[in-house]
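Q: Please take a close look at one part of this structure and describe in a connected account how its residues are placed and what they meet.

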Amino acid sequence: MPYVYNEYEIIRSPACNSCRVCEKQCSYGAHVYRDGKMRSYDDKCVNCHRCVELCPKRALKIVKSNMSLRENANWSEANIREIFKQAETGGVLLSSMGCPVKYPVYFDRLLLNASQVTNPSIDPLREPMETVVYLGSRPKAIERDGRGNLINNLKPQLKLNIPIVFSAMSYGSISYNAHAALAQAAQELGIMYNTGEGGLHDDFYKYGKNTIVQVASGRFGVHKDYLENSAAIEIKIGQGAKPGIGGHLPGSKIIGEISKTRMIPEGSAAISPAPHHDIYSIEDLRQLVLSLKEATSYTKPIIVKVAAVHNISAVASGIARSGADIIAIDGFRGGTGAAPTRIRDNVGIPVELALASVDKRLRDEGIRDNISIIVSGSIRGSADVVKAIALGADAVSIGTAALIALGCHVCRRCHTGKCNWGIATQVPELVSRLNPDRGKTRLVNLLKAWEHEIKEMMGGMGINSIEALRGNRLMLRGVGLNLKELDILGVKHAGE
Amino acid sequence: MTNYAYKLDCPEKIIINGCLGARYIGAGASNKVITINGIPGNALGAYLDGAEIIVNGNVQDAVGDTMNGGRIIINGSAGDVLGYAMRGGEIFVKDNCGYRTGIHMKEYKEKRPCIVIGGSAGSFLGEYLAGGLIIVLGLNRDEPPVGNFTGTGMHGGRIFIRSEKPPKALPAQVLCRRATDMDLKDIHAYISEFSRIFEIDINDILNKSFYVLTPNEKNPYKLLYTEN
């Protein structure tokens, strides 16, 4: 391989006393103690800041190397480096976390309204503000029995105290301790976490009321106890980071408890085919939805998760007629533990546009109440939550944001399994770095803060319930968007 | 009566007469024997968890989807996607089955699923097979009783095909060889069970050679990745 200068440089100040903490902390081997002093191997550094934060002398700094190839607006350094790698190995480029490429972020082109003079804003410190949402299918009409009493014709609903759930991340892609933190936080917050397609460790059965279990094409770990220890069941069709492709967890990673929860032998590869081979149509999907309902006696809502792709509104229309109660739409910026770089960075569409078009299509067809909508794919703060709900979502799902709360520094090396923060790893000494109780507290802190911010933003708009914000696009204005974009988003331009 | 109450109340022996396409029969059922006279609809015995289902007739698609344990006996033919992602239990089909049979079957600990087909199977048999056994007897034909793309992406388990000739156009992830006596010993219990259930003389089954398909460990199903 041609020698390419490393992307980052480790700067070690004279304050370093060679205590070797950095050496112990770095799973990538970027710090080595030799001949009486600490040495840095810049080429090994992934810029995850573990050493920087734990250095007792604050002696470390990581900087982007200013060594560069000749500047070229067309052939970026990334393009060239990637070609070097592929020319050497013949491999498919593999990366992780959400798409880092500079595409428009529509959330950043939308601004929220606030009341002035003519309708008073509401002070959340003084007035009650409702952030509880129920996800599920709504009845078409009120039904009464012969004596005029209401008949309860409400299908099973998923109650969330705030309109946020944790995204599907499997035990295997993230650690036991990360799952424990998510499960405990979901329980304390009255929201949901999601098992992903990795099965459910029996230690976590007790969080069943706050658990969404996933049924994906490989059906790993799907059995009776799994389905029963859940609040809802999610059929995973696609994922924003890698729409249209399957998954492959190599046999070398199927060890110990991972093998147990996925219910496959140690060392056996876990391959999830690209499609569910029993689902080739909406009719087939309906069959899986209803068979899951049959198997769980119609006690749980069924979620269908799809990636935001070009014809998403037609797909969503089909899903809304499939008997599913909730659709989860994952935008192309959604995270992943591992995905081919080209797919992550080039396939799918932004979730803001997908959501706006799905919500409109379902309303136009008169089936919006058949189904609730959860969106994900880079919800970075409470303002994104509010904007998503105003565009038509019932709730949002956060993955990367939750991991950042647990200590993730978005170094995008999840696929190596060497996460220094104990999140995307199964190495026991690395996993033990993440304290589940501390992690839970940080997740709860984050979402409590978001909840307060959501209430403030709602109050400012003169809205006191999240239900009244849903699909309320009058609360949004676009900035720097063209007519087509405004049309798809269904919002006016700022100043209009 | 709600579905849930019905399930709790449901007797251990159930006979359904004149069945005409009712779907989801026996979904997730355990500790029951369900006899169906007629033709059940799709997703019969999905997530089956120990119950036994006997069908006196043909069945439609997605029988035994994600089945965890139990037994399904079909006195006729099966439609497409039989035993998808099944982890345990046994399915015996007297006659033929459609496309996509036994895709992504897997085994775990004491669970080792098995599908026995008396007739022939359609294309895409045992794709992504991760564990368990698929046995296709081809009792009604001379040509290899499987279609195209048998075992694509196979990475575990075994497929036995009763035939004088090996199946054509197998994918690169699959090794095909004539079954040895040792191999046949492994499946003898299933074959004798098939012969007992459907009252077919076992000698009429063992009178032909078998081919066995296994994953090609030298050419495994995987993509070569480069860290980026």
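A: N31(B) counts as exposed, because its relative accessibility is 62%; exposed means over 50% relative accessible area, buried under 20%, and partly exposed in between (1.4 Å probe, protein chains only). This is a predicted model, in which local features need pLDDT of at least 70, side-chain atom pairs count only at pLDDT 80 or more, and totals for chains, interfaces and linings use all residues. Residues are numbered from 1 along each chain as its sequence is written, chains are lettered from A and ligands numbered from 1 in the order in which they are written, and side-chain values use heavy atoms, with hydrogens and water left out.

N31(B) lies in the loop between strand 1 (13-20) and strand 2 (33-39) of chain B. Helices (H or I, at least four residues) and strands (E, at least two) are DSSP runs, numbered from the N terminus. Although N31(B) is not a glycine, its phi is positive, about 50 degrees.

Another loop of chain B, between strand 3 and strand 4, holds N68(B). With a relative accessibility of 7%, N68(B) counts as buried. The side chain of N68(B) makes polar contacts with the side chain of D49(B) at 3.0 Å and with that of R87(B) at 2.7 Å. A polar contact is a pair of N or O atoms within 3.5 Å; within protein, one must be able to donate a hydrogen and the other to accept it, and residues adjacent in sequence count only if both atoms are side-chain atoms. Leaving aside residues up to four places away in sequence, N68(B) touches H223(A) and M263(A) in chain A, and residues of chain B including Y47(B), L48(B), G88(B), G89(B) and K111(B). Contact here means heavy atoms within 4.5 Å.

D49(B) leads on to the strands. In strand 4 of chain B, G69(B) is the bridge partner of D49(B). Strand 3 (residues 49-56) and strand 4 of chain B run parallel and are joined by five bridges, where two strands pair if DSSP finds at least two bridges between them. Strand 4 also pairs with strand 5 (residues 90-93) of chain B, in the parallel sense and over four bridges; there I73(B) stands opposite F92(B). Five of the six residues of strand 4 (residues 69-74) of chain B are buried, so this strand is largely enclosed by the rest of the structure.

The account now turns to the interface of the chains. The contact takes 47 residues from chain A and 39 residues from chain B. Together the chains bury about 3700 Å², 56% of it on carbon and sulfur atoms, buried area being the accessible area (1.4 Å probe) that two parts lose on being put together, summed over both. I271(A), H277(A) and Q287(A) supply 17% of the area that chain A buries against chain B, more than any other three residues.

One salt bridge is counted between chain A and chain B. D65(B) forms a salt bridge with R219(A), with the closest N and O atoms 2.5 Å apart; the term requires a side-chain nitrogen of Lys or Arg within 4 Å of a carboxyl oxygen of Asp or Glu. Across this interface, 20 residue pairs are in polar contact, both residues being at pLDDT 80 or more. Elements of chain A that each supply at least two residues of the side touching chain B include helix 3 (77-89), strand 5 (92-95), strand 16 (270-272) and helix 7 (282-295). Helix 7 of chain A gives the largest share of that side, eight residues. The residues on the side of chain A that touches chain B divide into 19 nonpolar, 19 polar and nine charged. Ala, Val, Leu, Ile, Met, Phe, Trp, Tyr, Cys and Pro count as nonpolar, Asp, Glu, Lys and Arg as charged, and the others, Gly among them, as polar.

Strand pairing is also found between the chains. Strand 5 of chain A and strand 11 (residues 225-227) of chain B run parallel and are joined by three bridges; the bridge partner of L93(A) in strand 11 of chain B is T226(B).

Within chain A, K305(A) sits in strand 17 (residues 302-307) and counts as buried at 8% relative accessibility. Among the residues that K305(A) touches, not counting those up to four places away in sequence, are E234(A), K236(A) and D330(A).
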